[in-house]
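Please examine the model shown below before reading on. The paragraphs that follow lead through its sheets, its helices and the contact between its chains.

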Amino acid sequence: MVTSYSSSLKIFLREAGDIARFTRRFFSQWFRPRYEIAELLRQCFVIGYQSLPLVGLTAFILGLVLTIQLRPSMEDYGVAAQLPAIVGIAIIREIGPVIVALIFAGKIGSSIGAELGSMKVTEQIDAMEVSGTNPFKYLVVTRVLAATLMLPILVLLGDCVSLYGSWIGVNIRGNTSFYLFWTQVFNNITFSDVLPAFIKSYFFGFAVGVIGSYKGFKSNKGTEGVGRSANSAVVVSSVVIFIIDLLAVQVTDVLGLN
Amino acid sequence: MSKSTLLNIDQPMAPSKASILSIEHLYKSFGNNKVLIDFNLELEKGENVVVLGKSGSGKSVLIKCIIGLLTPNAGKIKMFENNIPDISNEVLDKIRAKVGFLFQSNALYDSMTVRENLEFPLRRHWISVTQQQVNSMVEEALEEVGLTHTIDSMPAELSGGMRKRIALARTLILKPAIILYDEPTTGLDPITAKEIINLMIKIRNRYSTTSLIISHDMNCVRLASSRVVMLLDGRCYANGTYDQLAKETDSKVKQFFE
């Protein structure tokens, strides 16, 4: 039993060390020429734009359901009028960034892991190197940067769609104008609610990009390995998102932003 | 029984003036697994050498060391007057532009069309060509392999034989001086394999290329080789023409030719 825990710990530490080395390699290469601008823009389109429908749909449902679920309790306490403010703060500070990041990890993390894994086992990465291309820069740096840049934008858009869903939720059993709803939301939101959430989204995006790429790049054992890479990219990214969230709340607490 | 002069070639052959590739005392191991042990090989301009060996004998490792995808533990690989393990990535890329590599798995980029696959090495090696020249080079390479009609297809839409021919066209597009073939007929039916071998011979005759072919397909060895090097236990075990080795009485050589 002790041996089993010890070997699991060793595997965990080795994996963490490998991811740290992979991240260091990213930082050592991302700013050196040759710059893969065209591929970066293509990845921004694939990672950002093509994730919009999924992020939008889940964010809309999230806002709607959260509002409908909260309403009875708030009515019991006689604070139903505060519903837009409460939902707004919950979505912008915490639920929006985390849920969008988890959806992003599921869609983009797995896709990066599977794509790079499949390229690895079919020698496409070697072929790229033989064709005078640095595969790390072309495949990894572009995907990590695109994920880092696109997730905060998706979070902002997801927050807006989510609040729109919440407005619809409020109006299922009430009559609140769109203008009044947004006024109530923004009157209760401060800069210190928006900024930390926005900043931590960059870290979430970076983590999804790095872990997806790492899992894909280290893929082996044929098609079975590709499936495992995609799966473990999602699992590890999701856990790391929660760890970053935990650290972010500590930092904002220390800085007096909570 | 007197030992044949074709066997156990442990000493490197003296490099001739026409030598295009020279491998001296090459060692490569993965952990405790010694794959290449004091391997020597000389390849002269215009020669077509087949490296013959059982699966897992280190043939693919050898070819990947030659192109710089793997770094040997010791030894020299001299190509175009450069020692491959010692040179910078920039010089290595320039050398790679003169060397074609046909991967065992074809390594066509799944996300690109046939045209984009063929254009990729042209664009990545910083070769200054106009779009018109790129188009005509792509068409010429596809004509060479008889697949001009597939120019806008995706690799997944093509058969195994067609993918191999497209990979060969991509190898040809830079008009390489040497072509390295990694198991060119593996996984193909005998008729398609014969077509690929004929194509290799046609390309060799038309462009006067030098070839190093890794194979255990005796039909390929017989038809495509001007010389055969047998790799056994990480060493160059036998070296001679197909007919010479076919007459060899050594049991380890005989087992391939029976």
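**A guided reading of the predicted model**

In chain B, strand 4 (residues 74–79) and strand 5 are paired in the antiparallel sense, over two bridges. Within this part of the structure, which is a predicted model, K78(B) is placed opposite N83(B) of strand 5. The two strands belong to an open sheet of four strands in chain B, whose order is 2-1-4-5 and whose pairing is antiparallel. Its edges are formed by strand 2 (33–44) and strand 5 (82–83) of chain B, each of which pairs on one side only.

Chain B also holds an open sheet of six strands, arranged in the order 6-7-8-3-9-10, and here the pairing is mixed. Strand 6 (99–102) and strand 10 (235–240) of chain B are the edge strands of this sheet, each with pairing on one side only. From one strand to the next, the twist averages 15°. Inside the sheet, strand 3 (residues 48–52) of chain B runs parallel to strand 9 (residues 227–232) of chain B, and four bridges join them. V49(B) is found opposite R227(B), a residue of strand 9 of chain B.

One backbone feature of chain B deserves attention. Most residues other than glycine have a negative phi. A107(B), although not a glycine, has a positive phi of about 55°. This residue lies in the loop between strand 6 and helix 3 of chain B.

Chain A is built from other elements: nine helices and zero strands. Read from the N terminus, its elements therefore follow the pattern that DSSP runs define, α-α-α-α-α-α-α-α-α. Taken along the principal axes, the box filled by the C-alpha atoms of chain A is roughly 65 × 50 × 35 Å.

How do the helices of chain A pack, and at what angle do helix 4 and helix 9 of chain A meet? Helix 4 (residues 83–121) and helix 9 (residues 222–254) of chain A pack at about 150°, and their axes are 8 Å apart. Because angles over 145 degrees count as roughly antiparallel, helix 4 of chain A is roughly antiparallel to helix 9 of chain A. The crossing of these two helices of chain A is right-handed. The residues of the contact between helix 4 and helix 9 of chain A comprise twelve nonpolar, eleven polar and one charged.

A second pair in chain A consists of helix 1 (residues 2–29) and helix 8 (residues 191–217), whose axes come within 10 Å and cross at roughly 110°. Helix 1 of chain A is therefore roughly perpendicular to helix 8 of chain A. The crossing of helix 1 and helix 8 of chain A is likewise described as right-handed. On the side of helix 1 of chain A, the residues I19(A), F22(A), T23(A) and F26(A) take part, and they meet V210(A), I211(A) and Y214(A) of helix 8 of chain A. By class, this contact of helix 1 with helix 8 of chain A has six nonpolar residues, one polar and no charged.

Most peptide bonds are trans. The bond from P33(A) to R34(A), however, is cis, with omega near 10°. R34(A) is situated in the loop between helix 1 and helix 2 (37–47) of chain A.

The two chains touch one another. Ten residues of chain A are in contact with 14 residues of chain B. On the side of chain B that touches chain A, the elements giving two or more residues are helix 2 (89–96) and helix 3 (114–124) of chain B. Helix 3 of chain B gives the most to that side, with three residues. The residues on this side of chain B divide into nine nonpolar, two polar and three charged.

The confidence of the prediction remains to be considered. The model scores ipTM 0.87 and pTM 0.87. Chain A has a mean pLDDT of 92, with 100% of its residues at 70 or more. For chain B the mean pLDDT is 88, and 93% of its residues reach 70 or more. Among the elements of chain B, helix 9 (residues 251–257) has the lowest mean pLDDT (85), and strand 7 (residues 178–182) has the highest (94). Where pLDDT is low, the predicted coordinates should not be read in detail.

Conventions
Residues are numbered from 1 along each chain as its sequence is written. Chains are lettered from A and ligands numbered from 1 in the order in which they are written. This is a predicted model: local features need pLDDT of at least 70, side-chain atom pairs count only at pLDDT 80 or more; totals for chains, interfaces and linings use all residues. Two residues are in contact if their C-beta atoms, placed from the backbone, lie within 7 Å. Ala, Val, Leu, Ile, Met, Phe, Trp, Tyr, Cys and Pro count as nonpolar, Asp, Glu, Lys and Arg as charged, and the others, Gly among them, as polar. Axes are lines fitted to C-alpha atoms, for helices over the stretch in contact, and angles run from 0 to 180 degrees between N-to-C directions. Angles under 35 degrees count as roughly parallel, over 145 as roughly antiparallel, 65 to 115 as roughly perpendicular and the rest as oblique. A crossing is left-handed if the near helix is turned anticlockwise from the far one by less than a right angle, and right-handed if clockwise. pLDDT is the predictor's confidence in each residue, from 0 to 100. Two strands pair if DSSP finds at least two bridges between them.
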